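Here is a briefing on one protein chain.

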Amino acid sequence: MLKEEAAADIEDSRYKQAAADFVENDDFPIELICPITQTLIYDPVLTVQGNVYERAAITEWLQTHTTDPLTNAHLTALTLIPCNPIKSEIEAFKEEVRKLGPEAAARLPTAEPPPPPASTSAGNKKPSTESESARGSATRPQPTAPHALARPVSFVPFFQPLTTHRQALNAVLHSDPELGTIQSILGTYLQSKHQNALIKVSRSALGEYAFSRPDIRLFNHVMHKLESLSASVISSRPGLRRTWVQAVNPFRRQLFNALYMSNHCVQAFAGGLPGGRLELPRMDNWTLGVWKNNSLFSSAPISGSRLDRSTPLLSQVHTVLLIDDSGSMLEQGSDGWGGNRQSGASRWDQVRELLSDLAPTITHFDPQGIDLHFLNHQNAQQGLQSAQEVHEIFSRVRPRGGTPLGLRINTILDGYLSILRYERDLKPLNLVVITDGKAGDKRILFAALEEHVTRIVRRGHPAHQMGIEFLQVGDCRWATAHLYEIEEEVSRHHMSLNRDVVGVTPVGYMQQQRMSGATLMQVILSGIDARVNGYLRQRRINV
């Protein structure tokens, strides 16, 4: 029921604010921009890689190319599939713009899409101004030359169609257990499932990944099919396990690389892959689908990242900060933040100074530094290590818009959990959310937290694999009440799943001490410690 209620929040939270941003800054929602034309899509279609384009632009591209313009990957078919979910989102966005009046509606592009820029190739068009770059309006994944190991897996199509799980399983069980034969069966089956998934993604945005991008839905759908087939094969023919792993791993890498090339959040997390994105990952009973759907953490076999308690905790987690950059962050901050030097400063300035203190401390333990994401600016900043770098980033981002906490957290967690599905030996995620207001998409936020926490548990990851800390800046009592509500919502998950995943620190918790870089470190470490040592923090006591 929570998911259905959250679906109704999509237009209310995302497109109402997106329409206002368009009128103010000529900014389209990045997910509704064609990578070729760099403007709003009117007739969205999917390539077989799962990327969305304007039909006229991609049709022109395919007249002289056989590759996906965003990823440079070879297209096994030049079929274009209408993408109805994106089309519905475009119509919702345009409707919100029209509600702002005739002048706003007149600024929408005409129905005839502009031709691709003549001087630049698709996907590598550079932003025209520094401010445009700072807003992230033209920040797209950049295509790179295909690496030899990233090319599609070569296989000879199986002599008969394999469109169902049963057909593929029977083909494996009744064929020679040679690597080439297994790859032939796998390639034929996955090609069918990929095409099937594209059609499903193009028709509906609902399902398990209701609020996720098409590439995330496509990747996880096909990975689920692959894991299900792997589990059936290994349970039926245990002696085939080694050959099966050799055959299936390159296909898994192929799926992951397609996602990597199209998703900026996946790119941000991929730097933490132990052997890099082109190395074949270790496969165990979880990645093979043999173990799955564990609802009780206490009885689930555990594999994946383990923390060494003899070394500093911060060196063993990937710290990511999500910063509220809504318009209200320009209002006066709280006296409980930052000390005397920030008296009367805005919330935005207080957060900037806090992170300036925090970045060098985290870098001391983790040379990779911290990653920075914003609610309304799509470009992520990776590996910040110094106060100067923090100041430079904050000087380029201007607070505006609303507070789409649910959608942004869902996007970040989607990227992390998709990589984690591919490679279980990924550093645990330590997500710190600093906000001053109530989420504009509260039901989406609750649904996203519930879904991702449940996935972490059911896939058998250790308790410390993912943690989220919410921290309030400013003294808005509505925001404080909202954070209390988040705490109420997640506390029942903590009790039922026996793990402390989400921590909440409203301003009211800090009455006894000021928020500083050192205090924030205490909040972060208390969450990691609770997850590592397997206890639940008392509510309203995070430091």
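Buried means under 20% relative accessible area, exposed means over 50%, and partly exposed lies in between (1.4 Å probe, protein chains only). By that cut-off, both Arg455 and Glu451 are buried. This is a predicted model, in which local features need pLDDT of at least 70, side-chain atom pairs count only at pLDDT 80 or more, and totals for chains, interfaces and linings use all residues. Residues are numbered from 1 along each chain as its sequence is written, and side-chain values use heavy atoms, with hydrogens and water left out.

**Overall fold**

- The chain has 17 helices and nine strands. Helices (H or I, at least four residues) and strands (E, at least two) are DSSP runs, numbered from the N terminus.
- Of the 543 residues of the chain, 58% count as buried.
- Among contacts in the chain with a separation of 6 or more, 75% come from residues 24 or more positions apart. Contact means heavy atoms within 4.5 Å.

**Salt bridges**

- The structure holds 15 salt bridges. The criterion is a side-chain nitrogen of Lys or Arg within 4 Å of a carboxyl oxygen of Asp or Glu.
- Asp425 and Arg282 form one of them, at 2.9 Å, N to O. The pair links distant parts of the chain, 143 residues apart. Asp425 sits in the loop between α14 (405-422) and β7 (429-435), and Arg282 in the loop between α11 (264-270) and β4 (318-323).
- Asp425 counts as partly exposed because its relative accessibility is 29%. Arg282 is also partly exposed, at 40%.
- Glu331 and Arg347 pair at 3.6 Å, N to O. This pair, too, links distant parts of the chain: Glu331 is in the loop between β4 and α12 (347-365), Arg347 is in helix α12, and they are 16 residues apart.
- Glu331 has 43% relative accessibility, so it counts as partly exposed. Arg347 has 6%, so it counts as buried.
- Arg455 bridges to Glu451, with the closest N and O atoms 3.0 Å apart. The two residues are four apart in helix α15 (residues 442-458), so about one helical turn separates them.
- Salt bridges that share partners join Arg282, Asp284, Arg424 and Asp425 into one network.

**A residue in strand β6**

- Gln381 lies in strand β6 (residues 381-384).
- Gln381 counts as buried because its relative accessibility is 17%.
- Leaving aside residues up to four places away in sequence, Gln381 touches Ile370, Asp371, Leu372, Ile393 and Arg396.

**Helices α10 and α14**

- The axes of helix α10 (residues 241-262) and α14 come within 10 Å and cross at roughly 165°. Therefore α10 is roughly antiparallel to α14.
- Axes are lines fitted to C-alpha atoms, for helices over the stretch in contact, and angles run from 0 to 180 degrees between N-to-C directions. Angles under 35 degrees count as roughly parallel, over 145 as roughly antiparallel, 65 to 115 as roughly perpendicular and the rest as oblique.
- α10 passes α14 in a left-handed crossing (the near helix is turned anticlockwise from the far one by less than a right angle; clockwise would be right-handed).
- Arg252, Arg253, Phe256 and Leu259 in α10 meet Ser418, Ile419, Arg421 and Tyr422 in α14.
- By class, this contact of α10 with α14 has four nonpolar, one polar and three charged residues. Nonpolar covers Ala, Val, Leu, Ile, Met, Phe, Trp, Tyr, Cys and Pro; charged covers Asp, Glu, Lys and Arg; the others, Gly among them, are polar.
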